[in-house]
There are 2 protein chains.
Amino acid sequence: MEGKANIQDVAKRANVSIATVSRVINNQGGVRKQTEERILKAIKDLGYIRNAAARTMKSKDTKTIGVIVPDINNPFFPSVMAGIEQKAREKGYFAILSSTNESPVVEQEILKNFIERGVDGVIITTANENGDHLKQVHEQGIPIIAVDRSIQYYDVDTVLVDNVKGSYQAVQHMILQGHEKIAIICGPQNTTPGRERFIGYKKALEDYNLKLDERYIFQGDFGERSGYQGAHQLYSLEERPTAIFSSNNLMTIGCVKAMGDLDWKLGEEISFFGFDDVDIATFLNPKLSVVSRPMHALGELAFQLLHERIQFKDPVPKREYKLSPELIIRESCRLRYPNNSPDGQSLKK
Amino acid sequence: MEGKANIQDVAKRANVSIATVSRVINNQGGVRKQTEERILKAIKDLGYIRNAAARTMKSKDTKTIGVIVPDINNPFFPSVMAGIEQKAREKGYFAILSSTNESPVVEQEILKNFIERGVDGVIITTANENGDHLKQVHEQGIPIIAVDRSIQYYDVDTVLVDNVKGSYQAVQHMILQGHEKIAIICGPQNTTPGRERFIGYKKALEDYNLKLDERYIFQGDFGERSGYQGAHQLYSLEERPTAIFSSNNLMTIGCVKAMGDLDWKLGEEISFFGFDDVDIATFLNPKLSVVSRPMHALGELAFQLLHERIQFKDPVPKREYKLSPELIIRESCRLRYPNNSPDGQSLKK
DNA sequence: TAAAAAAATCTAAACGTTTACATTTAGGAG
DNA sequence: CTCCTAAATGTAAACGTTTAGATTTTTTTA
């Protein structure tokens, strides 16, 4: 009753030795039916729950993995987490989550704590792509999986989204709708996603023989404000673009706000494609077309890779996966020439 | 190097006994400066990290609290979590988070796991307000704090939002703007929030001598679709309301969508107030006025209460806190009579 | 300089499991 | 009925800490 029953108490009550109780708890078999039932009853009567700390001390593994995200308020991460948790539960693992608030210091603390707790593995979207702080984890032989952001210093398995492909397809879609003056609102070029999404844009233009026009490239910082500014700047051009690709969710929001303020008719005067789905997307009129990242799948895959590493400690070389994002075509991106066919001139690949 | 250094190894290397090392690790003082430095160096050299499992086994407490939320994808919870984590970190505690997906079964599993791990306390927004599944936790003497949803069976400390006050103030605001035909889109009356928000609405009307009009009460289910239907139904009335109060975020979204479809001019023909801030609120034109819940504060308070319980195990009676929500006045709620003053007749309190 | 007091350090016993290995028991075979 | 084998159960030694209480060292006092 007093919440302190241990294996001894159970053993005593069932009139067996602790070894037998242990065998029942972990169903290892080799216990007579009758005895097992007696023990099970004792466990129930005493409300016995096994002490994980003691267990861990002997058997080393904890059946627990640690997950570290940089910003729990960014809806992207809870979705990934959901994927991780689902797979983890299936395999009898338990996931504990912590958020760093983009602080490398906090991240380090959390990692240390995870090691102390003896997690069997770590899934992390790091706040410090450099990665030297993962040294301790690595030295303890704890497998690591990087999600969404790669880690430079150590060779860890990595699960990314194919940013290049995503932006390529979005821009391609606009091109096939007949657009030729397609602008991009870029993310910071010193981040992987920022760079890659720009590359996809360039590649699409190139493949369809459209030339890169500096005027249509706006350098943003992934923040809402810069999206707003970007739209304003593009609007102020003599020769306005007919379509805009925005490199992330926040800039998309800023951008659409600006369009509202400028009375720049979305879907009519200006087509639009955003990277990352946003709540407001289906809310606007017209609804926004976006590139959506497979967040749940990202999480599932991350756990799967981790699980393999945990089971087979052999030094398999680093693996890197890129998941394809999905194009969600809604209404914000319309045919350049609603009534005529495009001239087709530059559309040959 | 081999990631397996223990306190023994450190002791050996520093030429002291493990007791002294332990004292240094936990800085309990009583160690000569010189010795301490030697030990610290040994720890560093060996990359020693203390084994939490072993530690827990002796000293009982884990400096860890478990947090359980029903739906990690609902932005409300990550915000609360952020508040919890911040306070926890300040006090040297570590928070582990798990999501139940609104499944009582999963919740039970997680709780068991938390007990096994020996968490010092639990903060929970339960998927099962009944609460009998918390029996085990209770029996182990582990303190529990309920957040946002109360728990019937056991007397646990509870941190709620003052739903009555929030909706009261919102409705009051609309009344003071001169509205008299104020509709409500209710949440389910078998949930605490649904009931309480309706009570606030009724109370406000009563206090200002406005009579309750059945036609203006729409029974929703907290889902987006019901908000949409609600707006439609209210629009179809011969005598339409001039203002609407929506009881939660999702119904707000549905509601506003409907208004768009109906071309029911928000802020002009129809004023609006929602419970819970939503992303789209500042995005619409006019911007939505809403009741905002102090999520961060909720989390902070929850941890604070838990911490007290952990420290002083005395059986203090159950405490219940209601935090005041905040009115965010934006633009969706306008004066009923922009040019004339309201007739004032029914406005005396 | 010796004894007393204070400070630093050490020894050893838990904590609650798991698990190799030892022992007992049950059930047949002879 | 005895012996043998296999199955069931028990014994005891870890695992890596923390922490009383014992012991040693250092400092103070006379």
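Author: Buried area is the accessible area (1.4 Å probe) that two parts lose on being put together, summed over both. This is a predicted model, in which local features need pLDDT of at least 70, side-chain atom pairs count only at pLDDT 80 or more, and totals for chains, interfaces and linings use all residues. Residues are numbered from 1 along each chain as its sequence is written, chains are lettered from A and ligands numbered from 1 in the order in which they are written, and side-chain values use heavy atoms, with hydrogens and water left out.

Reader: OK, what area is buried between chain B and chain A?

Author: About 3,900 Å², with carbon and sulfur atoms giving 60% of that.

Reader: How many salt bridges between chain B and chain A?

Author: Two, where a salt bridge is a side-chain nitrogen of Lys or Arg within 4 Å of a carboxyl oxygen of Asp or Glu. B:E116 pairs with A:R50 in a salt bridge, their closest N and O atoms being 3.1 Å apart.

Reader: What about A:Y48?

Author: There a polar side-chain atom lies 2.8 Å from a phosphate oxygen of DNA strand C.

Definitions and conventions: Polar contact = N/O pair within 3.5 Å; in protein donor to acceptor, adjacent residues only side chain to side chain.
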